Amino acid sequence: MIEVTVNGTLRRAEAEPRLLLSDFLRHTLGLTGTHVGCEHGVCGACTVRLDGKAVRSCLLFAVQADGLEVETVEGLAWGPLQEAFRRNHALQCGFCTAGMLITATDLLARGTSSRREIEEALSGNLCRCTGYTPIVDAIAEVAGS
Amino acid sequence: MKPAAFRYERPETVEEAAALLAEHGDEAKVLAGGQSLVPLLNFRLLRPAVLVDVNRVAGLDRIEGERVGATVRQSDFAGVPLAAEALPSVGHLVTRNRGTVGGSIAHADPSAELPLCLLVLGGSVVTSKGRELPADDFFRSHFTTALEPDELVVETVWPGGGSVAFEEVAQRHGDFALSLAACSVRVVDGTVTEARLGVGAVTDRPRLLELGLEGAPASEETAREAGARAAAAVDPPANLHASPAYLRHLTGVLVERVLARAFA
Amino acid sequence: MSWVGQPLERIEDEALLRGRGRFMDDLDPVPNTKHAAIVRSQLPHARIVQLDVSAALASPGVVGVLTGAEVAALSRPFPAGADSPVPYYAAANEVARYAGEPLAVVVAESRYLAEDAAELVAADYEPLEPEELEAHDRSFSYGEVEDAFAAAALVVSERFSVPRWSCTPVECYGVIADWQGDSLTAWSNFQGPFSLHGVAASALGLTGTKLRLITPPDSGGSFGIKAAVYTYVVLLGLASRRLGVPVRWTEDRLEHLAASAHATGRVTGVEAAFAADGELLGLRYDAIEDVGAYIRAPEPATLYRMHGSLSGAYRVRNVAARNRVVLTNRCPTGLNRGFGGPQLYFALERTMAIAARRLGIDPAELARRNLVTEFPHRTPSGGLYDSGEYGACLDAALELVGYAERRAEQAAGRAIGIGLACIVEPSISNMGYITLAQTAEERAAGLPKSGNAEGCTISISPAGGITVHLSTTPQGQGHRTVAAQIVADRLGVEPGEVEVLSELDTSTSAWTIGSGNYSSRFAGVGAGVIAAAADRLAAKIGEIRAHLGGELSLRRVAGSAHWNPESLPPGMEPGLHATAYFAAPSLDPPDGDDRVASSASHGFLVDVAVVEVDRDTGQVRILDYVSVHDAGRLLNPLIVDGQIRGGFAHGAGAALFERIVYDEDGTLLTGTFMDYVCPTAPDLPRMTIGHRETPAPFALGAKGLGEGNTMSAPVAVANAVADALELDGVELPLTPARVWELMQA
């Protein structure tokens with residue numbers, strides 16, 4: 001039995017040790033906004049925030065989050081970042097988007113702003129639809145404002 | 001791909017962690033950042049019966065001067081100029097939030113950046129048994145260190161270097177390096193008085209290369225010659241993306257570049 | 001003011017940004033669904049002497065196991081576009097022909113438990129030698145090819161190799177299968193073409209309505225690859241049938257890289273005859289296509305999709321082609337973005353660049369001398385280029401990239417390379433083109449296939465709510481937004497008032513064999529049928545308004561149509577509901593001389609790449625990449641640019657990073673995302689896009705797009721690197737190591 005605060009709400013559920021945090025969020029808690037693309041930490045689709053830092057949920061076990069705070073895409077407040085994504089057509093199929101938003105949120109919280117820094121920060125998030133330019137544009141707009 | 005089942009232990013002290021390793025021997029694996037280990041578990045390439053999660057072991061996440069606790073996150077690792085140069089190439093922003101300094105050292109991937117930096121700076125590894133091992137003794141071969149089965153890394157020690165430089169070429173930003181080079185030199189009146197230079201990826205572990213730099217002028221010419229000597233000194237195995245000839249050549253180029261920058 | 005043509009923000013976005021997308025693995029439509037893990041061949045070619053499932057059956061939480069032998073007993077081989085020397089089933093039975101081929105399906109209470117049990121299935125292999133089987137060999141000749149070569153001042157004779165790659169969408173395959181009685185209901189992120197629904201039904205022995213296939217509201221990218229998931233619909237369907245439970249399977253990335261669908265690897269010998277002034281007189285192709293372990297429908301379509309465009313963008317009248325297909329011990333191939341275009345254009349546009357060097361003519365000038373100038377243009381192999389201004393497009397691209405300035409920089413000694421690609425981008429595939437794999441006599445003996453059609457339904461509810469039901473299975477291309485724009489224009493409402501559903505259900509949708517999302521058909525056929533259905537409704541609404549008098553709101557009209565049918569014009573059906581079907585024009589079956597209009601519309605793009613090569617490390621840096629793109633009328637410029645950037649990203653990936661690698665025995669060496677290298681944000685340059693519009697002569701005048709830059713980027717970059725290094729033998733991908741090796745040679 002573990003207790004994890006997810007998007008501000010305390011959740012209590014059974015989790016065997018090997019249950020990945022990505023599967024716990026998606027299937028035990030029904031929060032399907034976090035996606036699974038590779039289960040080896042390369043594509044970044046599964047990125048969530050753990051105690052305020054962006055991490056790969058496919059490389060964490062749910063039991064490791066016991067007593068900690070997790071934020072998923074469903075918990076992000078709607079704001080300038082999402083507006084910028086929509087305005088810049090920074091998503092097409094939407095499957096990588098949750099990971100992009102979480103990584104961008106982490107990045108913006110550090111006060112980073114140059115295009116190069118944004119690109120490097122996103123180097124762990126694979127997108128096969130957009131060619132990245134609109135995503136970087138969207139984040140740069142928010143960073144610059 | 002889902003991992004095979006394991007028993008999960010989360011010790012709160014180093015002693016508990018060491019005791020678990022002693023009890024289970026090679027049936028146990030230490031889980032720190034997990035960025036290298038968990039993919040192997042998910043692939044079922046590794047199936048430890050016991051996973052020892054050290055992320056909440058007290059006292060391992062502090063930096064005190066040159067001493068960096070084993071579970072300090074890569075993203076929190078600051079204060080060491082050579083490492084600071086290398087860190088942007090260590091995985092990605094998100095993997096550095098979780099990956100640890102100690103974990104990278106203990107994993108001993110020959111292509112990894114932090115082990116090479118520790119070696120070049122003449123650093124050392126402190127273990128749960130109180131041993132302090134110089135980096136050159138700690139790294140044995142691919143993914144193989146001097147750690148005993150019931151021993152874990154507690155902290156790493158990063159001495160200050162001289163004039164430092166780091167270079168890497170990878171297919172993509174953050175990928176495993178095709179080749180990498182790092183150096184720490186001291187130059188007095190245009191002459192090299194001390195030089196530590198190492199390479200990784202093309203060797204079985206990060207390796208210092210003896211390139212006859214002491215006493216040479218700190219010039220581009222010296223850097224170029226050293227690069228040529230370095231290329232001759234390594235024997236890279238082929239990999240999926242590159243031939244040995246290319247990797248040999250690339251190593252020479254990177255050695256020349258780090259020296260040229262450190263001399264300047 | 002028209003909504004079509006506006007860069008409207010997408011209606012799809014809000015839900016996706018909030019994490020409320022509904023992708024295949026998010027769905028849970030059937031209670032008590034169990035989980036499958038697939039046991040796969042560890043060897044690339046082996047006899048399966050025995051498969052022992054006893055330990056798996058005894059493993060915790062296991063419901064049962066479906067074996068390859070049972071698959072053979074319960075299903076028929078998949079039909080394909082050409083006769084295959086080996087039958088293809090959803091799982092291997094006696095012989096495994098590629099590493100990763102399914103051998104059995106384990107079903108359990110969870111994926112974790114299913115994988116535990118799958119490991120316990122013991123396969124007794126007798127390894128077999130690696131095998132290459134010739135499976136198809138057809139030759140075509142148009143015009144007077146011999147004469148053309150006899151008259152040539154220069155013959156370029158080269159061999160080009162394009163490796164396998166994969167578009168690797170971030171979302172993998174997913175299937176939920178529920179066999180009840182004598183029929184199967186399956187959910188899957190299948191992308192069409194729905195001709196493959198028939199192939200799956202045939203394998204399962206199901207006719208008529210007995211295979212109900214449903215697609216989810218959202219799909220995480222496909223780029224062609226999710227056409228081939230139909231084989232897994234069959235496999236999981238059989239598991240459900242055999243074990244009597246609903247079964248779900250979500251493919252993982254290792255499975256995807258080994259056993260979904262790769263783009264074909266092709267070796268093409270090209271001979272090109274040129275006059276001294278650079279006129280391209282004749283072309284001969286000799287293509288050997290690696291389709292993997294089986295010819296899986298719709299293959300050998302990768303070879304035939306571009307058939308009408310064998311002459312590319314050029315006026316040349318004399319073209320010959322030999323198409324050969326070999327089976328190898330590798331993953332079966334299938335649709336991947338570009339679908340035959342990258343392979344064809346790498347050969348053709350490299351040939352043009354090489355010829356330019358040898359003739360001493362600037363490559364842009366050589367292209368200009370040969371570009372098609374009059375439209376409509378019928379190619380020697382039967383392609384119908386409906387419209388275009390190719391020369392103007394070339395001019396615009398050269399201007400945009402500053403070609404003259406770049407050449408001047410080169411002349412002044414700057415070590416850069418400039419590469420050009422002129423690409424006719426076909427869209428909307430003729431569903432009959434695959435019959436070219438048969439001879440004219442064989443075709444005459446069978447049923448002809450032609451055209452590309454689509455269906456669409458629009459209903460207006462009693463309260464005036466508008467719902468559009470598409471059969472175009474989008475995976476991020478914004479079909480719902482564009483549909484709303486079209487309907488808003490035709491019905492005089494705002495796009496926000498139009499509800500668009502994108503799930504396809506073969507039991508309830510208006511669909512046909514051409515339905516789905518492939519060959520960039522949406523802008524032509526998809527938009528065309530939406531407009532047709534909307535026009536049908538608009539006409540009816542107009543009649544009702546005329547009959548009832550006054551400027552009635554749509555809500556009032558709907559109210560009358562539903563609540564007061566007696567008030568309608570005599571003989572008019574009540575309700576407000578229209579289903580239309582629309583077919584792209586000019587897509588006849590192949591004729592007796594093996595000519596075929598393989599695609600209904602043709603866009604045109606000219607790409608210019610400017611690169612710098614680091615002589616020390618071999619790293620290629622793209623300094624500038626320009627694409628001037630004529631896709632006819634742009635339905636939504638925001639979405640259009642997104643498709644162009646995405647197509648370029650895939651093409652640039654193939655140019656610089658991506659290659660599926662097998663060793664000589666058939667062992668896959670690029671089995672994870674650590675080894676199969678996809679570009680990320682720092683790896684791709686920002687491309688500059690220019691637009692020109694010569695409308696297509698049908699539907700809304702929009703030509704399909706999204707694949708063109710995947711066809712162009714690999715060869716544009718290769719041409720640029722060849723230009724920088726002043727050599728010919730450039731091969732993909734142009735990784736640092738490969739470029740450095742080229743420089744040493």
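1. In chain B, 22 residues of domain 1 are in contact with 22 residues of domain 2, contact meaning heavy atoms within 4.5 Å. Domain 1 of chain B spans 7-157 and domain 2 spans 169-263; such bounds come from an automatic or database domain assignment. The C-alpha centres of these two domains lie 25 Å apart.

2. This is a predicted model, in which local features need pLDDT of at least 70, side-chain atom pairs count only at pLDDT 80 or more, and totals for chains, interfaces and linings use all residues. Residues are numbered from 1 along each chain as its sequence is written, chains are lettered from A and ligands numbered from 1 in the order in which they are written, and side-chain values use heavy atoms, with hydrogens and water left out.

3. Domain 1 and domain 2 of chain B bury about 1,800 Å² between them, 58% of it from carbon and sulfur atoms. Buried area is the accessible area (1.4 Å probe) that two parts lose on being put together, summed over both. Of the area that domain 1 buries against domain 2, B:Pro110, B:Leu116 and B:Val120 supply 32%, more than any other three residues.

4. Two salt bridges are counted between the domains of chain B, a salt bridge being a side-chain nitrogen of Lys or Arg within 4 Å of a carboxyl oxygen of Asp or Glu. A salt bridge joins the side chains of B:Asp136 and B:Arg205 (2.4 Å, N to O).

5. On the side of domain 1 of chain B that touches domain 2, the elements giving two or more residues are helix 3 (81-86), helix 6 (113-120) and strand 8 (139-141). Helices (H or I, at least four residues) and strands (E, at least two) are DSSP runs, numbered from the N terminus. Helix 6 of chain B provides the largest share of that side, five residues.

6. The area buried between the two chains is about 2,600 Å², with 56% given by carbon and sulfur atoms.

7. Between chain A and chain B there are four salt bridges. The side chains of A:Lys53 and B:Asp76 form a salt bridge at 3.3 Å, N to O.
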